[in-house]
Amino acid sequence: MAILPIIELPDPRLRLVSEPVGAVDAAVRKLMDDMLDTMYEAPGIGLAAIQVAVAKRVLVMDVAREDEPKQPLCLANPEIVWSSEDKNVYQEGCLSIPEYYEDVERPKQVRVRYLDRDNKVQELEADGLLATCVQHEIDHLNGVLFIDYLSRLKRERVVKKFAKAARQRED
Ligand code: NI
């Protein structure tokens, strides 16, 4: 178990398309466990492997409220096999774009097929916050960020802000 550094906008690795894992083996399980530690520490409700600079199709989530028991989910090679016509709007944020939040509309429900921590094929029926979260995380595996759903003006403004902050850190 380890806390991994999270990469942030404008790191170009956030735009990579991640590679599927061959199988969920001990190395992938360790990655999942480290990602869960990193996500809980942040704290956040979802984390994709590319956010810790690993370009593999692996993500972790836990949308349980603070007063509920933990409900960690580990997904490898997730695929959306169905999405609802109904849409939902949530205010989204991202550990790679800290302290920035905007409303994003996405399908309200999705069904996701994936490999679990034991390398078994599973299907997740997700609704509400979990549906939004899993879609946001799967986007990361394709190099897509939630700011891509905003107007060009808003997106350019946030990218500029983070690019400037990164330059200032280097100075
Ligand atoms: Ni994110």
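Me: Is Asn119 buried, partly exposed or exposed?
Reply: This is a predicted model, in which local features need pLDDT of at least 70, side-chain atom pairs count only at pLDDT 80 or more, and totals for chains, interfaces and linings use all residues. Residues are numbered from 1 along each chain as its sequence is written, and side-chain values use heavy atoms, with hydrogens and water left out. Buried means under 20% relative accessible area, exposed over 50%, and partly exposed in between (1.4 Å probe, protein chains only). Because its relative accessible area is 32%, Asn119 is partly exposed.

Me: Where does Asn119 lie?
Reply: Helices (H or I, at least four residues) and strands (E, at least two) are DSSP runs, numbered from the N terminus. Asn119, a residue other than glycine, has a positive phi near 65°. Its place is the loop between strand E6 (109-115) and strand E7 (121-127).

Me: Which residues coordinate the nickel ion?
Reply: Donors are N, O and S atoms within 2.8 Å of the metal (3.2 Å for Na, K and Ca); water is not among the atoms, so sites may look incomplete. The donor residues follow the spacing C-x41-H-x3-H in sequence. At 2.1 to 2.3 Å, the nickel ion is coordinated by Cys94 (SG), His136 (NE2) and His140 (NE2).

Me: Why does His136 count as buried?
Reply: His136 lies in helix H2 (residues 128-141), as does His140, 4 residues apart or about one turn of the helix. His140 is buried, with a relative accessible area of 0%. His136 counts as buried because its relative accessibility is 6%.
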